[in-house]
Amino acid sequence: MGGVITDSIADMLTRLRNANAARHDHVLVPLSRMKVEIAKILKAEGFIADYQVIERKPQNQLRLQLRYGPKRQQVLTGVRRVSRPGLRIYAKRVSLPQVRRGLGVAIVSTSRGIMTDREARRHGVGGEVICYVW
């Protein structure tokens, strides 16, 4: 297959979703600053166990350590890309989405960095809605 990936965030989320569905322990994605920020949020919100940056040629990788319940049940049950290169989706602070009535999180790229919908509301900022995770 190969080729140029136009939406690297969607690629990361797809790899995460597939590895999670296959009950893998970890998944590797090409590194970018934005993906590290998303990984930080996923870890803070308890969707992944951990992440680390692996230095590799030609491109460094981001390793996401997946997290499961005591009986290997999925902690991360869904991921959805919202804003994409062809169609950017923005939300003002008053209209930031709530994911699964607050059980999930929306990851938002704001002027103050990448954060969850809850943090964005607290800071009183809106931004580009990157994805939903639940």
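1. The model is a predicted one, in which local features need pLDDT of at least 70 and side-chain atom pairs count only at pLDDT 80 or more, while totals for chains, interfaces and linings use all residues. Residues are numbered from 1 along each chain as its sequence is written, and side-chain values use heavy atoms, with hydrogens and water left out.

2. With its neighbours within four places in sequence left aside, Asp 117 is in contact with Leu 96, Pro 97, Gln 98, Val 105, Ala 106 and Val 108. Asp 117 counts as buried because its relative accessibility is 2%, where buried means under 20% relative accessible area, exposed over 50% and partly exposed in between, with a 1.4 Å probe and protein chains only.

3. Which polar atoms lie around the side chain of Thr 110? A polar atom of the Thr 110 side chain lies 3.0 Å from the backbone nitrogen of Arg 112, and the backbone oxygen of Gly 113 lies 2.7 Å from a polar atom of that side chain. A polar contact is a pair of N or O atoms within 3.5 Å; within protein, one must be able to donate a hydrogen and the other to accept it, and residues adjacent in sequence count only if both atoms are side-chain atoms. Thr 110 itself belongs to strand β6 (residues 105-110) and, at a relative accessible area of 10%, is buried. Leaving aside neighbours within four places in sequence, Thr 110 is in contact with Met 115, Ala 120, Val 125, Gly 126 and Gly 127.

4. Turning to the helix pair, two packed helices are described by the angle between their axes and the distance between the axes. The axes of helix α1 (residues 8-21) and helix α2 (residues 33-44) come within 10 Å and cross at roughly 40°; the axes are lines fitted to C-alpha atoms, for helices over the stretch in contact, and angles run from 0 to 180 degrees between N-to-C directions. The helices α1 and α2 are therefore oblique to each other, since angles under 35 degrees count as roughly parallel, over 145 as roughly antiparallel, 65 to 115 as roughly perpendicular and the rest as oblique.

5. Which residues of α1 and α2 meet? On the α1 side they are Ser 8, Ile 9, Met 12 and Leu 16, and on the α2 side Met 34, Lys 35, Ile 38, Ala 39 and Leu 42. The residues of this contact divide into seven nonpolar, one polar and one charged, where Ala, Val, Leu, Ile, Met, Phe, Trp, Tyr, Cys and Pro count as nonpolar, Asp, Glu, Lys and Arg as charged, and the others, Gly among them, as polar.

6. Some backbone details in the loops deserve a careful look. The peptide bond from Lys 57 to Pro 58 is cis, with omega near -5°, and Pro 58 lies in the loop between β2 (48-54) and β3 (61-66). Arg 23, in the loop between α1 and β1 (26-30), has a positive phi of about 60° although it is not a glycine, and Arg 23 is partly exposed at 34% relative accessibility. Arg 72 likewise has a positive phi of about 60° without being a glycine; Arg 72 lies in the loop between β3 and β4 (79-81) and is partly exposed, with a relative accessible area of 37%.

7. Is Tyr 90 buried or exposed? Tyr 90, placed in strand β5 (residues 90-91), is exposed, with a relative accessible area of 58%, and it touches Gly 127 and Glu 128 when residues up to four places away in sequence are not counted. Thr 77, in the loop between β3 and β4, is also exposed, at a relative accessible area of 53%.

8. Finally, Ala 49 sits in strand β2 and counts as partly exposed at 38% relative accessibility. Apart from neighbours within four places in sequence, Ala 49 is in contact with Lys 43, Gln 65, Leu 66 and Arg 67. Ala 49 and Arg 122 are 73 residues apart in sequence, and their C-alpha atoms are 25 Å apart in space.

Conventions
Helices (H or I, at least four residues) and strands (E, at least two) are DSSP runs, numbered from the N terminus. Contact means heavy atoms within 4.5 Å.
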